[in-house]
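Come along while I look things up, one entry at a time.

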Amino acid sequence: MVTVETLRLLADIGFMATSNGMSGQAKSIFKAIGHIRPNSVLPHIGMALNHLNLNPFQDALDVLEKKALKIEPDNPTVRAFIGMSLMLMGRNSESEKFLTPLTSSDDPLAANLAENLLQELKHH
């Protein structure tokens, strides 16, 4: 049995890998997490972030909408990354619709990400 702490550590390593250009390793880590916890949005968020770092923004959006939202339709972090994907694709009005409600989320990560992305949208 894999503990929650071990999964968090693996996810952190996966996020570090994707942010440091190690997309293949990140993909392997997030796939493994998905096998261990098939009902978790975490591996899908990781895969989407990996896609965002590589620039196939539509692939990131597909993972978030078709996989992560099916597991947790109201997850604010998933919705924030959808907003980010839409923004990176130039679909700014759709992005804003996703992000604006998140600014008052109880999830500080999602709220902060939404605020930052909305500020970036205003500057463009």
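**Entry: Asn50**

I began with Asn50 and looked up what it touches. Setting aside neighbours within four places in sequence, I find Asn50 in contact with Thr18, Ser23, Ala26 and Lys27. Before going further, I note that this is a predicted model. Asn50 sits in helix 3. Is Asn50 buried or exposed? Its relative accessible area is 5%, so I write it down as buried, the limit being under 20%.

**Entry: helix 2 against helix 3**

I looked up their packing angle, which is about 165 degrees, and their axes are 8 Å apart. Anything over 145 degrees counts as roughly antiparallel, so helix 2 is roughly antiparallel to helix 3. The crossing of these two helices is left-handed.

Which residues of helix 2 and helix 3 meet? From helix 2 I list Ser23, Ala26, Lys27, Phe30, Lys31, Ile33 and Gly34. From helix 3 I list Leu42, Pro43, Gly46, Met47, Asn50 and Leu54. Sorted by class, the residues of this contact are seven nonpolar, four polar and two charged.

**Entry: helix 3 against helix 4**

Next I looked at the other pairing of helix 3 on my list. Helix 3 and helix 4 pack at about 170 degrees, and their axes are 8 Å apart. These helices are therefore roughly antiparallel to each other. On the helix 3 side I found His44, Ile45, Met47, Ala48, His51 and Leu52. On the helix 4 side they meet Phe57, Asp59, Ala60, Val63, Leu64, Lys67, Ala68 and Ile71. The classes here are ten nonpolar, two polar and two charged residues.

With a relative accessibility of 16%, His44 counts as buried. Which residues does His44 contact, leaving aside neighbours within four places in sequence? They are Val63, Leu64, Lys67, Ala68 and Ile71.

**Entry: two asparagines in loops**

I then turned to the loops. Asn55 lies in the loop between helix 3 and helix 4. Most residues other than glycine have a negative phi. I also checked the accessibility of Asn55, and a relative accessible area of 53% makes it exposed.

Asn20 is in the loop between helix 1 and helix 2. Asn20 is exposed too, with a relative accessible area of 58%. How far apart in space are Asn20 and Asn53, C-alpha to C-alpha? I get 9.4 Å, while in sequence they are 33 residues apart.

**Entry: helix 4 against helix 5**

Back to helix pairs. Helix 4 and helix 5 pack at about 155 degrees, and their axes are 9 Å apart. That makes helix 4 roughly antiparallel to helix 5. The crossing is left-handed. Helix 4 brings Phe57, Ala60, Leu61, Leu64, Glu65, Ala68 and Leu69 to the contact. Helix 5 brings Val78, Arg79, Phe81, Ile82, Ser85, Leu86 and Leu88. I sorted this contact as well: eleven nonpolar, one polar and two charged residues.

**Entry: the largest nonpolar core**

How many residues are in the largest nonpolar core? I find 36. Those with the most contacts inside it are Leu64, Val78, Phe81, Ile82 and Leu99. Which elements give two or more residues to this core? They are helix 1 (4-19), helix 2 (23-36), helix 3 (42-54), helix 4 (57-71), helix 5 (76-88), helix 6 (92-99) and helix 7 (108-122).

I followed up on Val78. Leaving aside neighbours within four places in sequence, Val78 is in contact with Val41, Ile45, Leu64, Ala68 and Leu69.

**Entry: Phe98**

Not counting residues up to four places away in sequence, Phe98 touches Arg79, Ile82, Gly83 and Leu86. I also noted its separation from Met16: they are 82 residues apart in sequence and 26 Å apart in space, C-alpha to C-alpha.

Notes: Residues are numbered from 1 along each chain as its sequence is written. This is a predicted model: local features need pLDDT of at least 70, side-chain atom pairs count only at pLDDT 80 or more; totals for chains, interfaces and linings use all residues. Side-chain values use heavy atoms; hydrogens and water are left out. A nonpolar core is a set of buried Ala, Val, Leu, Ile, Met, Phe, Trp, Tyr and Cys residues joined through side-chain atoms within 4.5 Å. Buried means under 20% relative accessible area, exposed over 50%, partly exposed in between (1.4 Å probe, protein chains only). Helices (H or I, at least four residues) and strands (E, at least two) are DSSP runs, numbered from the N terminus. Contact means heavy atoms within 4.5 Å. Axes are lines fitted to C-alpha atoms, for helices over the stretch in contact, and angles run from 0 to 180 degrees between N-to-C directions. Angles under 35 degrees count as roughly parallel, over 145 as roughly antiparallel, 65 to 115 as roughly perpendicular and the rest as oblique. A crossing is left-handed if the near helix is turned anticlockwise from the far one by less than a right angle, and right-handed if clockwise. Ala, Val, Leu, Ile, Met, Phe, Trp, Tyr, Cys and Pro count as nonpolar, Asp, Glu, Lys and Arg as charged, and the others, Gly among them, as polar.
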